[in-house]
Amino acid sequence: MFQLQILFRGDPFLDKIYLRDWQATISYTRTVGEGNRLLLFLHGLSSTAADFREIMRTPAFTEYNTVAPDLLGFGASDRPKKFDYSIEHHAECLVELIDELGFDSIVLVGHGMGGTIAIRVANLRADRVVGLIVAEPILTEAERGYEKRFLAYSEAEFEKHYPRLVRELSVKGDAEPDLAYWSKALKTAEPRAVYRSVQSLYAVTADPGFKKVFATTRLPRYYLIGENSEPRPVLSMLEENGVVVHTIPGCGHAMIQSNPSAFADVVTRCLKEIDL
């Protein structure tokens with residue numbers, strides 16, 4: 001029997017858009033709020049759009065429209081064979097998504113690799129992006145983490161050994177919760193997308209000027225770091241350039257999954273200071 005689904009403001013629901021420039025469909029979770037204002041949540045290698053669902057239900061966000069896409073190659077989005085999964089092209093896909101959705105004022109909220117991509121999107125859509133909130137993005141070579149081990153393989157070798165690598169991460173997750181969250185997300189990802197995204201991420205951050213792009217962008221900028229995360233030497237330079245730093249209590253890098261309420265609270269504080 002057909003059941004009519006009744007949506008209330010703040011209820012996340014799934015949608016998708018065909019990206020003509022890339023001949024691929026991108027899936028996303030969204031909520032409907034007021035006006036023409038959008039919070040665009042961007043996941044990293046350690047999550048998918050689904051991990052933002054609880055955050056998107058936060059009462060403080062009901063006045064905003066929210067969208068959390070699965071990047072191409074991740075979650076429920078397409079895995080186009082001709083897509084190179086570079087940071088640049090991930091960003092360009094999101095620009096097309098933004099253009100299709102049609103919102104005038106956008107705040108980008110990016111986690112991990114999603115934060116790195118958000119910095120590029122902010123530059124590409126400076127006419128619409130009014131704020132940038134990034135949670136432990138990779139900005140420099142020194143911040144490269146566990147995923148650097150992936151590049152010890154060739155792409156073909158990585159695809160062959162991918163199931164074993166994910167299982168190993170899952171086992172390590174018994175002692176390191178962040179890896180447990182990560183292994184869960186990687187089970188839904190295309191191996192080629194993971195490998196090429198990491199490869200591009202490292203190429204981008206090998207440029208010492210990349211962190212300066214974020215530091216000097218003329219936007220309200222916020223950097224979120226987990227209380228249990230390792231210190232980030234880059235923070236002092238960012239703060240000197242006007243970036244506001246907030247600590248998310250009781251968590252490490254996987255702050256969205258392990259403490260979503262605290263993450264949402266800090267994002268709400270940032271939004272109060274942004275003209276959205």
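Visitor: What should I know before I start looking?
Guide: This is a predicted model, in which local features need pLDDT of at least 70 and side-chain atom pairs count only at pLDDT 80 or more, while totals for chains, interfaces and linings use all residues. Residues are numbered from 1 along each chain as its sequence is written, and side-chain values use heavy atoms, leaving out hydrogens and water.

Visitor: In what order do the eight strands of the open sheet lie?
Guide: Strands (E, at least two residues) and helices (H or I, at least four) are DSSP runs, numbered from the N terminus. Two strands pair if DSSP finds at least two bridges between them. The eight strands form an open sheet with mixed pairing, in the order E1-E2-E4-E3-E5-E6-E7-E8.

Visitor: Which strands are at the edges?
Guide: An edge strand pairs on one side only. That picks out E1 and strand E8 (244-248).

Visitor: Which residue in E2 is the bridge partner of Phe13?
Guide: Strand E1 (residues 13-19) and strand E2 (residues 24-31) run antiparallel and are joined by seven bridges. They form a hairpin with four residues between them. In E2, the partner of Phe13 is Arg30.

Visitor: How many disulfides does a search of the whole structure find?
Guide: A disulfide here is a pair of cysteine sulfur atoms within 2.5 Å. The sulfur of Cys270 has its closest cysteine sulfur in Cys251, 14 Å away, so that is too far for a bond. Over the whole structure, the number of disulfides found is zero.

Visitor: Is Cys270 buried or exposed?
Guide: Buried means under 20% relative accessible area, exposed over 50%, and partly exposed in between (1.4 Å probe, protein chains only). Cys270 has 0% relative accessibility, so it counts as buried.

Visitor: Why is the pair of Phe41 and Phe52 tilted?
Guide: Rings of Phe, Tyr and Trp (its six-membered ring) pair if their centres lie within 6.5 Å; planes under 30 degrees apart are stacked, over 60 edge-to-face, and the rest tilted. The centres of Phe41 and Phe52 are 5.2 Å apart. Their pair is tilted because the planes are at 35°.

Visitor: Which residues form one aromatic cluster?
Guide: Phe158 and Tyr162 both lie in helix H4 (residues 155-172), four residues apart. They form an edge-to-face pair, with 5.4 Å centre to centre and 65° between the planes. The cluster consists of Phe150, Phe158, Tyr162 and Tyr195.
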